[in-house]
Amino acid sequence: MSRTLFTVGPVHVEQDTLQAMTKPMITHRCKEYKELHAGIVEKVRKALDTDMEVFLVGGSATVMLEAAIRNGVNQKTVGITNGSFGNRSIELGELNGKTVEKVQVPWGKAMKPEHIAGKVGKDVEAVHWVSNESSTGVFSDSVALAKEVRAQNPDSLVFVDAVTSAFAMDIKLKDLDADSVVFGTQKALALPPGIAVMLCSERLLEKAKTVPNRGFYTDLLKIKKQSDDNYALTTPPVSLMYGLDYQLDRMLAEGMQARYRRHQEMADLVRNWADKKLEGVFPEAGYQSNSIGVVNRGGLDFNDFHSKLKSKGYEISNGYGEVKEQTFRIGHMGDTTPEGIKKLLSVMDEIMEE
Ligand SMILES: Cc1ncc(COP(=O)(O)O)c(C=O)c1O
């Protein structure tokens, strides 16, 4: 049975988007491919209001999170974390042989400049964090964090995981002035998984020239050389690129500010519902995500509740990491609408009343 997904990703993909991906295959060294590639790059820049390099790579977002570390760091980083994906970015640095100083912020709390006070010394080559922590639904102020990093060490690079915030919330790329901003297609772009996107700065490309062992697939200098010619480094997922091009047109037609407001509206619906029906949402007030509602379960038997919800054709997401047993998550990103969320919440109400 097919279910409508209100998950944290992959998320629901509209029928017309799926249809857009069924165009005849083209090779990735032809003129039509170059046009497709160039068009996507331009539309990403326009939608996100940035002039950073846009690198498109086949794979899930993690490949480009790894690329940032592998290209931008010889030895030492600072990794700030307030949840599972922040922890993963630290592991990712360590497994690539870097020394990562971990700054632990309590789960459910936002990462703030004071958490890194005095920690970004001259030996710190990059500071990395997750803009919207998908395990807890906390959206931190990345612009404030980046300013603090640069105030302490102007040479430090800034890597932001924007996997569940890009295209759902305004991440103010010009103010952020980051060196790597990474996301994937299966979240707020409302596409199947399979393309990782990195927005990359000139600073990171310059630094990469001084860092050995960048790999092949993750070598930003190789990727940049091909990208300059509107090619991918290795065989790209062309069908998914048709979908990405289609979705970018949809987003530009909606208007990004309207899109961000729609996400805000959906988040408000979920928060109000959670306040009324359960024990509210998990993250700190003022720093709540507009793409993921992380709801305190209270006494709800989630597994039983969720199997009933699934039998009615809806799927949400379990809690994640340390708060797995105390929360569940409702994804409200991409092409999901406030009407869709209202319908979901009314079905959830019916099940709770039963
Ligand atoms: C915040 C965040 N970062 C990274 C990832 C990993 O992304 P991917 O599975 O596309 O590699 C996820 C996946 O859910 C995420 O939510």
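Strand S10, residues 195–200, is largely enclosed by the rest of the structure, because six of its six residues are buried. The model is predicted.

**Strand S10: side chains**
- In a regular strand, side chains alternate between the two faces of the sheet.
- On one side of S10 point Ile195, Val197 and Leu199, while Ala196, Met198 and Cys200 point the other way.
- The residues of both sets are all buried, with burial taken as 20 or more other C-beta atoms within 10 Å of a residue's own.

**Strand S10: pairing**
- S10 runs antiparallel to strand S2 (residues 53–58), and six bridges join the two.
- Within this pairing, Gly58 has Ile195 of S10 as its bridge partner.
- S10 also runs antiparallel to strand S9 (residues 180–184), to which five bridges join it.
- Opposite Met198 in S10 stands Val182.
- Ile195 and Met198, the S10 residues named in these pairings, point opposite ways from the strand.

**Helix H9**
- Helix H9 spans residues 238–254, which makes 17 residues.
- From its first C-alpha to its last, H9 reaches 24 Å, close to the 24 Å expected at 1.5 Å a residue.
- The buried residues in H9 are Val238, Met241, Tyr242, Gly243, Leu244, Gln247 and Met251.
- S10 is one of the elements against which the buried residues of H9 pack; the others are helix H1 (15–20), helix H2 (31–48) and helix H10 (256–277).

Terms used
Residues are numbered from 1 along each chain as its sequence is written. This is a predicted model: local features need pLDDT of at least 70, side-chain atom pairs count only at pLDDT 80 or more; totals for chains, interfaces and linings use all residues. A residue is buried if 20 or more other C-beta atoms lie within 10 Å of its own, exposed if 12 or fewer, and partly exposed in between; C-beta atoms are placed from the backbone. Helices (H or I, at least four residues) and strands (E, at least two) are DSSP runs, numbered from the N terminus. Two strands pair if DSSP finds at least two bridges between them. The expected span of a helix is 1.5 Å times one less than its number of residues. Two residues are in contact if their C-beta atoms, placed from the backbone, lie within 7 Å.
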